[in-house]
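This report looks at how two neighbouring elements of a protein are arranged, and then at the fold around them. The sequence and the structure are shown first.

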Amino acid sequence: MKKIKSVLLIFSLIFNFVLVYIFMLKGEVSAPDASGRVAITLSEGNRDFVLAEMRGFLVTVQQINQGLAENNPDKIIKAAQVSGHATTEKVPTSLMKALPVGFKSLGMDTHHQFDEIARAVQERYQPQEVQQRLSKVLNNCISCHSAYKFEIQHD
């Protein structure tokens, strides 16, 4: 009886690992193309959602830069909060399933970096620190755009 339980436990663990890999880690991707980028296959709606979020990141970066130019910490805080973790609650489940873990990690870290900018400015406004943190955000953008591209899923 112990042997059967052990075999069932091992089977269950392997099965669960495969499910987690397929639905949480792998995503719907192709092999890297000649440029080295991986194509993430998304429905048109999910692709539009991601592209809108990326445009939102750019708007936030511009507004933070404007806040720095105007020496306006309130503008920086407001802009950074718009792209922080609070926005991740709106992400469709189907999109999270389709995205590879590397893409998700970069996206979540980018949201986290915006939260950190807002927090740092609230605690003590130092323009040079904001600029350094913003540079980290832009490095995430560069990494993501260098590694991934999107394709529309055709049913």
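## Helices H2 and H3

In this predicted model, the axes of helix H2 (residues 44-69) and helix H3 (residues 73-82) come within 8 Å of each other and cross at roughly 170 degrees. Because angles over 145 degrees count as roughly antiparallel, H2 is described as roughly antiparallel to H3.

On the H2 side the contact is made by Thr 60, Gln 63, Ile 64, Gln 66, Gly 67 and Leu 68, which meet Lys 75, Ile 76, Ala 79, Ala 80 and Val 82 in H3. Sorted by class, the residues in this contact of H2 with H3 comprise 6 nonpolar, 4 polar and 1 charged.

The N-terminal end of H3 is capped by Asn 72, with a side-chain oxygen that lies 3.2 Å from the backbone nitrogen of Asp 74.

## The protein as a whole

The secondary structure consists of 6 helices and 2 strands, and the elements follow the order α-β-α-α-α-α-α-β from the N terminus on. Among contacts with a separation of 6 or more, 76% are accounted for by residues 24 or more positions apart.

How values were computed
Residues are numbered from 1 along each chain as its sequence is written. This is a predicted model: local features need pLDDT of at least 70, side-chain atom pairs count only at pLDDT 80 or more; totals for chains, interfaces and linings use all residues. Side-chain values use heavy atoms; hydrogens and water are left out. Axes are lines fitted to C-alpha atoms, for helices over the stretch in contact, and angles run from 0 to 180 degrees between N-to-C directions. Helices (H or I, at least four residues) and strands (E, at least two) are DSSP runs, numbered from the N terminus. Angles under 35 degrees count as roughly parallel, over 145 as roughly antiparallel, 65 to 115 as roughly perpendicular and the rest as oblique. Contact means heavy atoms within 4.5 Å. Ala, Val, Leu, Ile, Met, Phe, Trp, Tyr, Cys and Pro count as nonpolar, Asp, Glu, Lys and Arg as charged, and the others, Gly among them, as polar. A polar contact is a pair of N or O atoms within 3.5 Å; within protein, one must be able to donate a hydrogen and the other to accept it, and residues adjacent in sequence count only if both atoms are side-chain atoms.
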